[in-house]
Amino acid sequence: MRNAHFLLSPKVFVFIISVILFVLPFFWLKPGELELGGDSSRLYMYDPDSFMQANSLYSIQPDGIGILRSDQAMLPFLFLLRLFYFIFHSSYIVTCLFNSLKLVGAFLFMYLIVVEILKKHAQEYKIIPVEIAGILAGLFYTFSPSVGETMQFSLIIHNQVFLNPMIFYLLLRFLVSHRSKYLWFALLTTLIFSPNFTLVIPSLYAFFPLALTFLGLYVIFCLGRPLPWKKIFAGFILFIGMHAFHLIPVTTSVFDLNSVYNTRIFNASVIKNEGVDYFSSVVLHSMVTNSFFYSYSIPQAQWTTFIAPLGVLLGFLLSRARDKTFTLIASFFFITTFLESANITNLANAIYRMLFYIPGFSMFRNFPGWWMYIQAFFYALLLGYALFLIFSKLKKRIVYISSIVIIGIFVFNSWIFVSGQILRKPHRGTNDVSTIIQMDPNYEKILSFLRNLPDDGKIFDFPLTEF
């Protein structure tokens, strides 16, 4: 009986799911294959050392007359990859490990956030519904199209699928406990993944202003606790100091009247052409229903998309009128849904266009691509709370059976992602060419020859496929 009770423990489920998610990416690729992304060059996964030397330490802008560009923000991340490459001597293993980090981190920290918030509002005997709600919220987030569909393109911004919940959880624990170790660990994480914390990356402004606002409101109004302002200020100063090596060059470029950053932020004509007009073309394809009914566009799985909206609806029906935490989460969910969908009413659409004349807001011209991560985050948080309210009314056996069914539905709905098929979709700029490749040994010999040349020089290569 004791063994059976242990096996039914939610923490055992968390461990098993984490192991499965960790192993999963190793089945997506065959040994020797490389997944370099469909919308960017992930050559740093193939050879982080050469990428560091040629792109981050000293890099020439490939267009125009050759302006020196600042990519120092990549350096800590590249040092980490270089360490892993030194240990495993395999780009295949490094790539798979990195994908494993994304999946396990996304699930585990989403689970921890939901449990941390719910355990403050649940009696001792209701801790199992709390943990099961956290498990389902973590899986819902990890298997969401926001995480899965963009895995194919492998931009550096995709790191936020685990960084957002990770930093959020560490800051939540810091603000609740006032223990500085959570703040220091969060700051160290931002340094290691500094490419996701540069001044010119929209994901930084999409997630953290709203997330920090939510955390402040939650701690003050829902928990009734003061904020550790002195420690917060010290953490902010330390963050600026740790990231000065890339923040200063980018800030200098932003205020350079001749820079691309400056014109995009402050030039009204550029804002109109590259911001408002671009938004107007994208918003025509936006549908609010996609923000509620998550789907990988698989006809056989369309019926599964009702689970999350139905769970949230039942949560609203069961929530108490004065449940401040549920109301706060719901408010941020609807705000991020508006930002991610935009096409709600003509009035809201017009207001959204006006936002582009705020300096810097033009970075959100491709609004679904930037806001979908944070919308999925608050959606998962809201669903986790709603499921807790539902499970609190049910018997333990029904809760376990319902959870297994919901997990099965989540997996079925996102099977194209879980199985790795989404990575093998053709590159959108080619005629049925996959983004997954196997490097030709002869080509690698050429690269090795060029790398070992005693002198620097210019290489003329064919065909001319770039600038």
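What volume does the largest cavity have?

Author: This is a predicted model. Its largest cavity has a volume of about 130 Å³. The lining of that cavity is made by 17 residues. Nearest its centre lie Phe140, Tyr294, Thr304, Phe410 and Asn413. By class, the lining of the largest cavity has 12 nonpolar and five polar residues. Charged residues are absent from it.

The structure holds two cavities of 30 Å³ or more. Helix H10 (160–177) and helix H12 each supply at least two of the lining residues. Here the classes are four nonpolar and four polar, with no charged residues.

H12 (residues 202–222) packs with helix H18 (residues 324–341) at an angle of about 165°, and the axes are 10 Å apart. Angles over 145 degrees count as roughly antiparallel, so H12 and H18 are roughly antiparallel to each other. H12 passes H18 in a right-handed crossing. On the H12 side, the contact residues include Leu210, Phe214, Leu217 and Phe221. On the H18 side they include Lys324, Leu328, Ile329 and Phe332. By class, the contact of H12 with H18 has 10 nonpolar, three polar and one charged residues.

How values were computed:
Residues numbered from 1 in each chain as written. Predicted model: local features only at pLDDT ≥ 70, side-chain atom pairs only at ≥ 80, totals over all residues. Heavy atoms only, no water. Axes fitted to C-alpha atoms, helices over the stretch in contact; angles between N-to-C directions. Helix = DSSP H or I, 4+ residues; strand = E, 2+ residues; numbered from the N terminus. Parallel < 35°, antiparallel > 145°, perpendicular 65-115°, else oblique. Left-handed = near helix turned anticlockwise from the far one by under 90°. Contact = heavy atoms within 4.5 Å. Nonpolar A, V, L, I, M, F, W, Y, C, P; charged D, E, K, R; others polar. 1 Å grid on protein atoms, 1.4 Å probe; cavity = no way out; pocket = protein on both sides within 12 Å on 5 of 7 lines; lining within 4 Å. Points joined across faces, edges and corners; volume = space filled by probe spheres on them.
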